[in-house]
Amino acid sequence: MHMHKFEKIWLIFGVGALLVFLSVLGVSAFYLGNQPPSCLATIDQEKVDTLPPFNEPGLKKVEGKDWDYELIFVAAAFAYTPGEVEVPLGAKVKVIATTKDVIHGFQVAGTNINMMLEPGYISEYVTTFDKAGEYLILCNEYCGMGHHMMTSKIEVVE
Amino acid sequence: MAQPQLHKKTNSKLEETNSLKGTLASVILLGFFIIFTWVGVYFLFLDRF
Amino acid sequence: MGIATEKLNVDRRDGRLVMAHFYVAFIALAVGGLAGLLQVLVRSGKFELPLGIGYYQVLTVHGVVLGLVLTTFFIMGFQIAAVSRTSGTLTNKQRVIGWIGFWLMTAGTIMAAVMILLNEATVLYTFYAPLQAHAIYYLGLTFVVVGSWFDGAAIILAYSKWRKAHPGTPSPLLTFMAVVNTLMWIVATIGVATTVLFQLLPWSLGLVDRVDVLLSRTLFWYFGHPLVYFWLLPAYMCWYAIIPKIIGGKIFSDSLARLSFILFLLFSIPVGFHHQLTEPGIDPAWKFLQVVLTFLVIIPSLMTAFSLFATFESFGRSRGARGLFGWVRELPWGDARFSVPFIGMLSFIPAGAGGIINASHQMNQVVHNTIWVTGHFHLTLATAVILTFFGISYWLVPHLTGRKLTKAMNKLAIIQGVLWAIGMTFMSGAMHAAGLLGAPRRSSFSEYGGAPQAAEWIPYQIAQAVGGSILFLAIILMLYIFINLAFFAPKGEQDFPVGEVADEAEKAPMVFENWKLWLGITVVLILFAYTIPLIDMIENAPIGSKGYKLW
């Protein structure tokens, strides 16, 4: 099977670029810890309201962990609890969320906080809120009639 | 690629008919477009929290 | 390629089977296109649906009839035509199997459609549990898939017959490609068939109470990514093996075309996790492994890009074109059979670039489930693939009905393609931009409680409505052209173009048709990518979900 010299050059260039992309992603994910949300913990979705930490949704200061705060969200058709929360600027926060019913898509618009909430699973993401402002939380996975009415709000304040 | 043995290598006009330099230029431009967009979104990822 | 032994026309009996598929496909285009128009209008915020029709019901119609019905019917019809043209008329038995497939798919489509219209299945075309549709909806989709297996069986039987009659000779390129796509489809649909038959159907019938949501989604996406390659490969068939003939050039390399198709068979299935990157129940190392496999499936597309440019340049230079890009002028821009699929090829450049971004592990968080993704697959499926399908229809429909594509229709077809390009530039461009700002996909118009971020998206939503309206006009034009070609165009002979290779001396290696080898590697790769994560999922599964009907 014959391959033109220019095609070889192109494939070396193209595959080289893909390898660079993968290396950047791999180093960022495995050495710097920028993995996509993959908590792997489960929960009984029908008892979410009674189980910690979801029995007390909202922002909580924590001690002795790699992050300063935990921000707990509970999703259910068609609302997030809490409906509004303030986070101090520069706080390192672990966002922890789960759903009580169907799948929801927890997304803080304009940020990298974007994770699926699936019944029976806990979703987590650690990040530092380093830009002040008002951020809309919405649901980005179809969950029924009121899907587009599901909102909450994070205010990052000085 | 067309059959080069049919053409005399000394004939520059026929040489031209076998060239794939436009193809190489096109795919390299395509490659740069892919790199440019990928790097753009990667920086968006880095910039956001 | 044994061109001398090929029959030059598709037999009329095979033609009727193919046209039956196309009628359903183009009815789906009409229905789905109208649904799409309603969606962009609603989302602009300036229009509300009458008669209490729900946005998500319309969205379900759009996804099911365009993503599943139009594509499957058109692809199976086109592949049957390609096999009949290049490997000889189907036997009566093969044709009967094809008709059984057609009627099963049609029955399934009607079942699913009735349930959607009754508002019993407003679960979108991805039907993620624990939203629970009526059992008949799942059964209807099952019929569509099983019917497509019958069509696939007709294709494989026709190929086997040719194979036995021509030992030691590589099969005709179009037949080979149709067989690869059919095999990939069969391996892929096993996943969706498993979740529907063993999880969703018993659960919607009330035989079991709970469903394992993550397992169901994983089986769906095991199918869902090869699904997009099942859409794309018939377009590649046209680009590799038909377009060269239309422009008057040659296929750049028969062997490399076959190699790229084999690579698609191997690498388009074990990559479903790149649709599940932000899900909680999958280990990130396994996600990354499938990201790497996803990047491997980019390579055959890089090869395709080179082959196409090379075909065009070789043709242009054979006509005396000079300079770096002089060959571009030599291409037959006035021929809709070329220029409309060419718009599709161009759209695949940003489409592919976007796809690489989507699959990039943690970067997926920037775009996941935003309307960027919708913009992405409206470039892949709804431009690259569909404009190629339209380009195929311009000659295949008259070829099958014994008519001709007239100059007037050719002109209209080009206008249609250009309108599509303009409409899609607005719509998909605005979707990509709004998605990067955070606007979600699959959502009705909402001001999100007056949030300032949501207000920023509204101008883009209006641009989507403008683009979507232009696209709807293009769809009306396409339907007009289709009806003309099927029923009213003047009688005549329209050629079914089949490309010839540039270098006849170079025979494709027979190893490409060693299906045991390729299917073996395919299965090994699937087992490698999925076995451990699936065991993890099942062992650590939560209690499972009851069904919800929240619409």
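Guide: Two residues are in contact if their C-beta atoms, placed from the backbone, lie within 7 Å. Helices (H or I, at least four residues) are DSSP runs numbered from the N terminus. This is a predicted model, in which local features need pLDDT of at least 70, side-chain atom pairs count only at pLDDT 80 or more, and totals for chains, interfaces and linings use all residues. Residues are numbered from 1 along each chain as its sequence is written, and chains are lettered from A in the order in which they are written.

Visitor: What do the buried residues of α2(B) pack against?

Guide: A residue is buried if 20 or more other C-beta atoms lie within 10 Å of its own. In α2(B), the buried residues include B:Gly22, B:Leu30, B:Trp38 and B:Phe45. The buried residues of α2(B) pack against α1 of chain A, together with α10 (298-318), α11 (336-358) and α12 (364-367) of chain C.

Visitor: How many residues of chain B are in contact with chain A?

Guide: 13 residues of chain B are in contact with 16 residues of chain A. For chains A and C, the contact takes 57 residues from chain A and 59 residues from chain C. On the chain A side, α1(A) gives the most, with 12 residues.

Visitor: Which way do α1(C) and α2(C) run, roughly parallel or roughly antiparallel?

Guide: Angles run from 0 to 180 degrees between N-to-C directions, with axes fitted to C-alpha atoms over the stretch in contact; those over 145 count as roughly antiparallel. The axes of α1 (residues 12-43) and α2 (residues 55-87) of chain C come within 7 Å and cross at roughly 155 degrees. The two helices are therefore roughly antiparallel to each other.

Definitions and conventions:
A residue is buried if 20 or more other C-beta atoms lie within 10 Å of its own, exposed if 12 or fewer, and partly exposed in between; C-beta atoms are placed from the backbone. Angles under 35 degrees count as roughly parallel, over 145 as roughly antiparallel, 65 to 115 as roughly perpendicular and the rest as oblique.
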